[in-house]
Amino acid sequence: MVPKIRRGSRTHGLLVYLYGPGKRDEHTDPHLVGSWDGFAPDPGRDTSPDPKVTLARLTAALDLRVNQLGDKAPAQHVWHCSVRTDPGDRTLTDAEWNTIARRLVHAVNLAPEGDPDGCRWVAVRHADDHIHILATMVRGDLRRPRMNYDFKKAQAECRRIEKEMGLRQLKPGDGTGAKTPTSAERFKAERTGRTEAPRETLREAVRQALAGAATEAEFFTRLHEAGLRVKMRNAPSGDALGYNVALPGDRNREGKPIWYPGSKLAPDLSLPKIRRRLAEDIADQTTQPVAISGRPGWSPPARERRNATGIVERATVLLDSDDDEAAAQLVGVGELLDAVAQTSPAVTRAELGAAARIFERATRSHVRAEYADTRAIRSAARGIIQAGSALGRGEDGGTTAMLVSTLVLVALAAARWHSARGHAQQAHASRQTADHLRAAYRQAAATPIQVMRDQGRALPEAERRTHETTIHATLTERGLRADSTSTKTDALAATFAQAEQAGYDPKTLLQEAIDLRELDTADDVNDVLVWRLRRLAQLPAHPGEATRRPQADTGHPKTSTNRTSTRRTPTPTARPTTTFNPRDRPPHR
């Protein structure tokens, strides 16, 4: 149940709209379902020849106290609240809507129950799923009602009503959500054939332009490149104070562009807040991130996705630490999701785009990190954008699956972090994000995982059984409930064989992969470990599709195969170099 509150100055004009046909003839059978005394005249049920007379009587009755107050009456004396049920809810009766209206005017202190001097109000119903409450904000004793935080109070009362009436229970908000499109904006979008309101399109475009941007100039350049109209708001000195954006072709009835300030798209898209985010990134330009050392055949998108995977793992560890400082990582993860969605292969683009849009709600709360350090994760987003679009096959597709597998875990960590602080909407958005990321992972990982399983099945029987025994023993020893049957460990066995040829002791590498962070929230522990092992040992994320035994990669010098050592000495480039400072490394790494 969603209440929407507005203030106005024309009682009669609002009543004409409520009892009229609507902007698209959507109003049916308008009538009163409740009023301040239960005896207010109802133009919708009036049998007189001229309903306008009854409408005028109702207006006069509502404005009685306002007119008595004269010049001292407030200019915005009309309180208007529309209350709408969810499309999946049952149809409420007039009596139930009357109860809802009375509870709301009581909750916001307009007409407290039992107060004879409460404000005058009516509730009009002209559709099955909603009512409109109109009240005039002058009490019977000619004082103005105390209505501080009326929106929050109405929201809280709606949450209680939902529970008591068996309606869909919405998540309580905290005032940090982005502004939703108005009814007029939605109707115009439908008329013009748009799938969403311009406000939503612009919000996503601005967010994508900000993802990984290094400077303010780069941000505005990206806005122009995205095809948006941009208008700056400058001080007399010429310094930029803010910006407005508009969609080409989106004009008002006078033919002028409809501009949206960044702050009206989302609270964190105002120019001062964007500058603060960029300043945190630029604060230490002397420490430049070191890119992962990739193999000669890896494309730039594949290298950047590998680099980002390690950075996301660190963000997950920070969120699991339940520290308020992790709030900054949520913003960085949001930018990284935007970057991945923009450059993802076509097969995963829809799900990743949905994940990025939904996670936007999880990036904002009232928790502020005192020492925000998002340089690593914003640098990873910038690297992905600059590397360009990834292909849906080969190493690009494999590293997309590798990164998305880790993003699922960070989304679940974000849900736990928000839940611990009572952020219901943000936690719900994080869980929805994880669902979309799981779908994207299944699309991206299907081919590379199948190739690795084929390779595992093609290993010599003795070697395959040796690897399976090691996998089963290690997982059992670490208390993990993974499926260790041969059909589920084929990809792990193939990865073991390739890691061994790259100069690693597979068991030691597996233990290190397990130690990176918890695996309890993983849907498939085997898959997660496959990607961690391949990243740690710099193995191809999408090995050749031949089913023969994997051969040593030519990108690594040959190493000793003396089994007396517990771990072979890898080449200096065999492990990825992350962008973190040594002091930022998790304790278990």
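Student: By class, what does the lining of the second largest pocket have?
Tutor: This is a predicted model. The second largest pocket has a volume of about 490 Å³. Its lining splits by class into nine nonpolar, five polar and seven charged residues.

Student: Which residues that line the second largest pocket are the closest to its centre?
Tutor: The lining of this pocket has 21 residues. Helix H10 (271-282), H12 and helix H15 (394-419) each give two or more of them. The closest to the centre are Asp268, Arg276, Glu280, Val331 and Arg368.

Student: How much space lies in the largest cavity?
Tutor: The structure holds four cavities of 30 Å³ or more. The space in the largest cavity is about 130 Å³.

Student: Which residues are the closest to the centre of the largest cavity?
Tutor: There are 15 residues in the lining of the largest cavity. By class, five are nonpolar, two polar and eight charged. The closest to the centre are Arg207, Asp268, Arg277, Asp338 and Thr363.

Student: Which element gives the largest share of the lining of the largest cavity?
Tutor: Helix H7 (198-210), helix H12 (327-343) and helix H13 (346-359) each supply at least two lining residues. The largest share is four residues. That share comes from H12.

Student: Which residues of helix H6 are buried?
Tutor: H6 covers residues 183-191. Buried means under 20% relative accessible area. Among the elements covering the buried residues are H7 and strand E8 (260-261). The buried residues of H6 are Glu185, Phe187 and Ala189.

Student: How far apart in space are Ala184 and Lys23?
Tutor: In sequence, Ala184 and Lys23 are 161 residues apart. In space, C-alpha to C-alpha, the two are apart by 9.4 Å.

Student: Which residue just after H6 takes a positive phi?
Tutor: Look just past the end of H6. The phi there is about 80 degrees. The residue is Gly193.

Student: Which strands stand at the edges of the open sheet of five strands?
Tutor: The strand order is E1-E3-E5-E4-E2, with antiparallel pairing. An edge strand has a single partner, so one side of it is left without a neighbour in the sheet. The edges are strand E1 (2-8) and strand E2 (31-35).

Student: Which residue stands opposite Val78 in E5?
Tutor: Strand E3 (residues 78-84) and strand E5 (residues 130-136) run antiparallel, joined by seven bridges. His80 stands opposite Leu134. Opposite Val78 is Thr136.

Student: Through how many residues does a hairpin join E4 to E5?
Tutor: E4 and E5 run antiparallel, with six bridges between them. Val124 stands opposite His132 in E5. The hairpin joins E4 to E5 through a link whose residues number four.

Student: How many residues of E5 are buried?
Tutor: Both faces of E5 are covered. On one side, His130, His132, Leu134 and Thr136 are buried. On the other, Ile131, Ile133 and Ala135 are buried. The count for E5 is seven of seven.

Terms used: Residues are numbered from 1 along each chain as its sequence is written. This is a predicted model: local features need pLDDT of at least 70, side-chain atom pairs count only at pLDDT 80 or more; totals for chains, interfaces and linings use all residues. Side-chain values use heavy atoms; hydrogens and water are left out. On a 1 Å grid over the protein atoms alone, a cavity is a set of points where a 1.4 Å probe fits but cannot get out, and a pocket is an open set with protein on both sides within 12 Å along at least five of seven lines; lining residues have an atom within 4 Å of a point. Grid points are joined across faces, edges and corners, and a volume is the space filled by probe spheres set on the points. Ala, Val, Leu, Ile, Met, Phe, Trp, Tyr, Cys and Pro count as nonpolar, Asp, Glu, Lys and Arg as charged, and the others, Gly among them, as polar. Buried means under 20% relative accessible area, exposed over 50%, partly exposed in between (1.4 Å probe, protein chains only). Contact means heavy atoms within 4.5 Å. Two strands pair if DSSP finds at least two bridges between them.
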